[in-house]
Amino acid sequence: MSGLARQEALIEQWYDDPDKFDRDVWPEDLPEVWQTKASGLIVTNDRVAIRSGHGVGKSAWLARRILWWGCTRYPWKVGCTAPSSGQMFDALWSELAKWLSKMPDGLRGLFEWRAERLEWVESPAVAYAVAKTARRETPEALAGLHSENMLFVIDEAPGVDDIIFETARGAMSTRGAKTIMTGNPTRLSGYFFDAFHKNREHWANMKVACTDSSRT
């Protein structure tokens, strides 16, 4: 089997198996047990909400999911947001840069890294991930994004104002779109809180304690 044929076969295997993607692409950094479970949830559900303790590796897991999405679909888009620029770029976006740099050359070369975008080299207009800070005064952070393969990633979701989600409701409910929310359960109201309570029938929920991770 040629190198190209082998890569195409792997991509087909990875399409519905992000855990295998992680193990094949980063064999020296195997996923935690909870990350394997979370990867299974995003395959079988369009909406996944994960509440966790601090330092369990959720930003690393999100970064890997962005790269998995970009490697296995076309066209594709990923909308990423967090409450502040520090949370967005110092946490999630820096993790994305880290895991991109650790990919094998043949995969890493498919992407172009930019300050606020990760682009598919061959088709940057229709295949990219974009990072935007979620501010109440600019609620369009997740709005206006559409693709046959659309992924929304909301990190530190309890701190994201409800108006951000309301503005993006149409895009998030588009057929084929998937949404992942993660965060520490620090608030007793809001969109993230409701995903575990009054709206829980619409979300696949997961709780990750600090004791569930070898990192803490």
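Trainee: Why are H2 and H3 called oblique to each other?
Mentor: In this predicted model, helix H2 (residues 18-25) and helix H3 (residues 33-44) have axes 8 Å apart. Angles under 35 degrees count as roughly parallel, over 145 as roughly antiparallel, 65 to 115 as roughly perpendicular and the rest as oblique. H2 and H3 pack at about 130°, so they are oblique.

Trainee: Which residues of H3 make the contact with H2?
Mentor: Contact means heavy atoms within 4.5 Å. H2 brings Pro18, Asp19, Asp22 and Arg23. On the H3 side stand Thr36, Ser39, Ile42 and Val43.

Trainee: Is Gln35 buried or exposed?
Mentor: Gln35 sits in helix H3 and touches Gly57, Trp61 and Arg215, not counting residues up to four places away in sequence. Buried means under 20% relative accessible area, exposed over 50%, partly exposed in between (1.4 Å probe, protein chains only). Gln35 has 4% relative accessibility, so it counts as buried.

Trainee: Which residue in E8 is the bridge partner of Ile50?
Mentor: Strands (E, at least two residues) are DSSP runs, as are helices (H or I, at least four), numbered from the N terminus. Strand E1 (residues 47-52) runs parallel to E8, joined by five bridges. In E8, Ile50 pairs with Met206.

Trainee: Which residues form the uncovered face of E8?
Mentor: In a regular strand the side chains alternate between the two faces of the sheet. In E8 (residues 204-208), Ala204, Met206 and Val208 make the covered face. The uncovered one holds Asn205 and Lys207.

Trainee: What pLDDT do local features need?
Mentor: Residues are numbered from 1 along each chain as its sequence is written, and side-chain values use heavy atoms, without hydrogens and water. Side-chain atom pairs count only at pLDDT 80 or more, totals for chains, interfaces and linings use all residues, and local features need at least 70.

Technical notes
Axes are lines fitted to C-alpha atoms, for helices over the stretch in contact, and angles run from 0 to 180 degrees between N-to-C directions. Two strands pair if DSSP finds at least two bridges between them.
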